[in-house]
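Please find below my notes on the model you asked me to look over, written as numbered points. They should be read alongside the sequence and the coordinates.

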Amino acid sequence: MNDASHVPVMLDEVLTALQPRDSGLYVDGTFGAGGYTRGILGAAECRVLGIDRDPSARETAEMMKPAYEGRFAFGFGPFSMMEDIIEAAGSSGVDGVVLDLGVSSMQIDQAERGFSFQKDGPLDMRMSQSGPTAADAVNHLEANELAAIFKIYGEERHARRAAQAIIRAREIEPITRTLALADIIGKAVGGKPGRIHPATRSFQGLRIFVNDELGELVRGLQAAERVLRPAGRLVVVTFHSLEDRIVKTFLRERGGLMGGGSRHQPEIQPEREPSFSLISKKAQAASDVEAFENPRARSAKLRAAIRNENPAWPRDEEGFAGVPPYRRLEECVQ
């Protein structure tokens, strides 16, 4: 990864919400090129544990370690496993957790990773570089399963049309390249000139499914709730509505705000004691200047909350209605 070209989104806002303090321990759960980690380590004499499931992030982490004299450590794995990673690092709790969701610009820029159809590459899309690929999904899943992925995760209106086109194409030969899939979907879905490529939403849905991104988010938020010490802070930056909806719901529930809140409908109080207090009920957007200079920041939303002394809520991972579970893909390619 070329960390010099990577600019972390909403870094100033993240640091303001996190408020790093001397001697604190913080988790950067989506380490990537280390942008947030550098910002946190530069803001206080604290320690940071970076976590990432992308093997290429380990190289960046190893190069960073000498510059911070024992203040930085790296754990390889998904951020939903932060409890185990923190324990392995010799700690039982942390003072802050930061998550920057979605695919990184470095991953998109690597054609061989298959996240984008701007350049042709293998139909991969795996953040962890292990397990079933996007090619496995499009060549093995049924039409109704692909349509559900495109519709729910990609918010594609013509999901069924795209899925059926894939089924027809793969009967002739396997679909293994990004441009081939983009062409198949593009012709099936259509679109007006000047708008986003007609395959964009379907690619997003496929990427989210292959990496189980929303399931990982649900598990990761609950793990953060369990590892944060009282007064510890959770800061999450999202980039599309599906992610933001999950984070918003999680924090409002744990913050004691279950719905309502207007003068006609009072807030519904939760059955369990709140485990967080919200820093703000509304999401924070990037500044106009940052949105102009960094296109990725235009859709970014930041939500943050402070952990209290009440117990963490029980684990609860509901599935996403209508979407085949990730294990379905694993079963298909065994």
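The points below go from the basis of the model to its helices and then to some loop residues.

1. Basis of the model. This is a predicted model, in which local features need pLDDT of at least 70 and side-chain atom pairs count only at pLDDT 80 or more, while totals for chains, interfaces and linings use all residues. Residues are numbered from 1 along each chain as its sequence is written, and side-chain values use heavy atoms, with hydrogens and water left out.

2. Overall make-up. Of its 334 residues, 54% count as buried, where buried means under 20% relative accessible area, exposed means over 50%, and partly exposed lies in between, with a 1.4 Å probe and protein chains only. The protein exposes about 16,100 Å², of which carbon and sulfur atoms supply 48%; the areas come from the Shrake-Rupley method with a 1.4 Å probe, and for residues only the protein chains shown count as cover. Among contacts between residues at least 6 apart in sequence, 69% join residues at least 24 apart, a contact being heavy atoms within 4.5 Å.

3. Helix α8. This helix covers residues 159–172, and at 1.5 Å a residue its 14 residues should span 20 Å, which agrees with the 21 Å between its end C-alpha atoms; the expected span is 1.5 Å times one less than the number of residues. Its buried residues are Ala159, Ala162, Ala163, Ala165, Ile166, Ile167, Ala169 and Arg170. Their cover includes α6 (134–140), α7 (143–153), α9 (178–189) and α10 (200–210). As background to such a pattern, an α-helix has 3.6 residues a turn, so residues three or four places apart point the same way.

4. Packing of α8 on α9. The axes of α8 and α9 are 8 Å apart and the helices pack at an angle of about 130°, where axes are lines fitted to C-alpha atoms, for helices over the stretch in contact, and angles run from 0 to 180 degrees between N-to-C directions. That angle makes α8 oblique to α9; under 35 degrees would count as roughly parallel, over 145 as roughly antiparallel, 65 to 115 as roughly perpendicular, and the rest as oblique. On the α8 side the contact is made by Arg161, Ala162, Ala165, Ile166 and Ala169, and on the α9 side by Leu181, Ile184, Ile185, Ala188 and Val189.

5. Packing of α7 on α8. Here the axes come within 8 Å and cross at roughly 135°, and α7 and α8 are therefore oblique to each other. Ala143, Leu146, Ala147, Phe150 and Lys151 of α7 meet Ala159, Arg160, Ala162, Ala163, Ile166, Ile167 and Arg170 of α8.

6. Glu145, Leu146, Ala147, Ala148, Ile149, Phe150 and Tyr153 of α7 are buried, and what covers the buried residues of α7 includes α6, α8, α10, α11 (213–227), α12 (241–254) and α14 (326–332). Just after α7, Glu155 takes a positive phi of about 55°.

7. Helix α11. With 13 of its 15 residues buried, α11 is largely enclosed by the rest of the structure. At 1.5 Å a residue its 15 residues should span 21 Å, and its end C-alpha atoms are 20 Å apart, which agrees.

8. The loop between α1 and β1. Pro20 is found in this loop, between α1 (11–18) and β1 (25–28), and is buried at a relative accessible area of 15%. Pro20 touches Leu15, Tyr26, Ile40, Ala43 and Ala44, not counting residues up to four places away in sequence; Pro20 and Ala43 are 23 residues apart in sequence and 6.4 Å apart in space, C-alpha to C-alpha. In this loop Gln19, which is not a glycine, has a positive phi of about 50° and is partly exposed at 47% relative accessible area. Ser23, also not a glycine, has a positive phi of about 75° and is exposed at 56%.

9. Thr30. This residue lies in the loop between β1 and α2 (35–43) and is buried, with a relative accessible area of 18%. Leaving aside neighbours within four places in sequence, Thr30 is in contact with Ile51, Asp52, Phe79, Val98, Leu99 and Asp100.

How values were computed:
Helix = DSSP H or I, 4+ residues; strand = E, 2+ residues; numbered from the N terminus.
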